[in-house]
Amino acid sequence: MALIKAALLGFGTVGQGVYEALKTHREQLKAVLGEEVVIEGILVKDGSKQRDVDEHVLVTTDFEEILQIEGLQIVFEAIVGEEPGFTYLSKALEKGCHVITANKVMFARHGRTLLDKAEKLERFVGFEATTAGGTPIIRSIAQLLQVNEIHSVEAILNGTSNYILTNMREKGLPFQDVLKRAQELGYAEADPASDIEGHDAFFKLMILSELSFGETPEWKDVERKGITDVTSEQIAVFKDWGFKVKHLARIRRDRDQFISSVKPVLVDAAHPLYGVEDVQNAIMVETSLAGKVTVQGAGAGKLPTASAMVEDLTYVLQSNSTFARKKKIAPFAAGSLAEEADRTLVGEYAVIGSSVGFHGTDGVDILKQEVKDDLVYLLIKCQASTAELLEENPDLVVYEVAGKVKEAWVQSEKKDLLLQKVINL
Ligand SMILES: NC(=O)c1ccc[n+]([C@@H]2O[C@H](COP(=O)([O-])OP(=O)(O)OC[C@H]3O[C@@H](n4cnc5c(N)ncnc54)[C@H](OP(=O)(O)O)[C@@H]3O)[C@@H](O)[C@H]2O)c1
């Protein structure tokens, strides 16, 4: 039987998962592909560590040795950071290999370059594992894009943050205690900053944006906030009001602008991501024909992530083609409505401050209010944007209620009439 020769760049959690999956599912892969997939080489950083691999496997710290493997067809990449992953995968494509990566930091920055290069060289770049681990979200969006337009993406993309928020709510524990538990269980890294500050979810959102819309917003324009300021007291009040705090990554293309954020928001039971708990990830895409489509599953972990990479392998070897992706949409012509109007956000927000009051202000309804531990909690329905509120009252904590806040496009001259000072401290 012919062999499909593959190499692994990185032999940590994910690399070992791919090695194991190829071995434990050897028969299934042979049945599907008609050929056996064999790892011939593994690239690592520390050449002195013992690796539990078959004798014939070349373990090296020199990437050139990997490239020289005769008949190498597939390169799996599971190392960390933008470089050297990007350079290695570029070289592997030039050498004629298909490449499959789990590296979201690298792919968020260089994905388009790699995909363009692969297209020219008639090679394939698999990146299912970069976003939401074992869920088939990349493949699902690529499939939907054959006919549908994607209007928006809304997702829980970081299992660690979701685990922490779920356990703070269910057990009434403070953030630091739940984080410690997550680290003991292996859900959070020793340095959890990327997860709890929202960077990890941000990179995944940018990958989904590139796939869905053919481009990303300017990274600096995406509002990014982690979960470190969410308190168990806030969670308890919102729970009584029927809300859960969820860390959502969201993007929508409206007129010629992207509206995107990665931040904690409130969701009620009617929201499709309300029931997504613990380390689970879920992604909801709103499409032109199929309506709302939600995919949920394990967002990380050795075998779910390896599963995504091995699925990419079977896809390329069976179809010999790359995923469909959206090409960049032309910007709106000058003088469009979007240029003449300002976007403002109207809808429901929870507002917390030491002394928050509304004095007969037009356009603001107080839906709920509560005083707890010297803090005033208000649920308001208002016409002014949160940005304006925060600018005027930087000490307030504001949570958007997901699904209850809508964009309103206001002609500039009318804007001053709509935006009123609604909060008096
Ligand atoms: N863990 C997950 O559940 C998960 C899920 C989805 C995506 N990912 C992504 O997958 C990638 C790998 O994650 P991981 O959890 O497997 O990481 P990990 O356990 O830290 O393993 C990283 C591996 O890469 C090797 N490596 C690091 N820098 C290298 C370099 N410059 N040259 C060659 N090898 C190098 C390391 O070599 P040594 O063994 O010699 O140190 C190690 O084998 C990351 O980009 C991560 O974001 C991870």
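Biologist: By class, how many nonpolar, polar and charged residues does the shell around the ligand have?

Modeller: The shell has 11 nonpolar, 6 polar and 5 charged residues. Ala, Val, Leu, Ile, Met, Phe, Trp, Tyr, Cys and Pro count as nonpolar, Asp, Glu, Lys and Arg as charged, and the others, Gly among them, as polar. This is a predicted model: local features need pLDDT of at least 70, side-chain atom pairs count only at pLDDT 80 or more, and totals for chains, interfaces and linings use all residues. Residues are numbered from 1 along each chain as its sequence is written, and side-chain values use heavy atoms, with hydrogens and water left out.

Biologist: Which residues around the ligand come nearest?

Modeller: F11, D46, R51, I79 and G301, of 22 residues around the ligand. A residue counts as near if one of its heavy atoms lies within 4 Å.

Biologist: Which backbone atoms lie by an oxygen atom of the ligand?

Modeller: A polar contact here is a pair of N or O atoms within 3.5 Å. A backbone N or O atom of D46 is 2.7 Å from a ligand oxygen. For G12, a backbone N or O atom is at 3.1 Å. The side chain of K104 places an N or O atom 3.4 Å from a ligand oxygen. The protein covers 78% of the 900 Å² of accessible area that the ligand has on its own (Shrake-Rupley method, 1.4 Å probe).

Biologist: How do I read helix packing?

Modeller: Two packed helices are described by the angle between their axes and the distance between the axes. Axes are lines fitted to C-alpha atoms over the stretch in contact, and angles run from 0 to 180 degrees between N-to-C directions. Helices are DSSP runs (H or I, at least four residues), and strands are E runs of at least two.

Biologist: At what angle do α2 and α12 pack?

Modeller: About 20°, with the axes of α2 (residues 26–33) and α12 (residues 302–319) 10 Å apart. That makes α2 roughly parallel to α12 (angles under 35 degrees).

Biologist: Where is the cis peptide bond?

Modeller: Most residues other than glycine have a negative phi, and most peptide bonds are trans. Here a cis bond joins E83 and P84, with omega about 10°. P84 lies in the loop between β4 (72–77) and α4 (85–94). D278, not a glycine, has a positive phi of about 50°.

Notes
Polar contact = N/O pair within 3.5 Å; in protein donor to acceptor, adjacent residues only side chain to side chain. Parallel < 35°, antiparallel > 145°, perpendicular 65-115°, else oblique.
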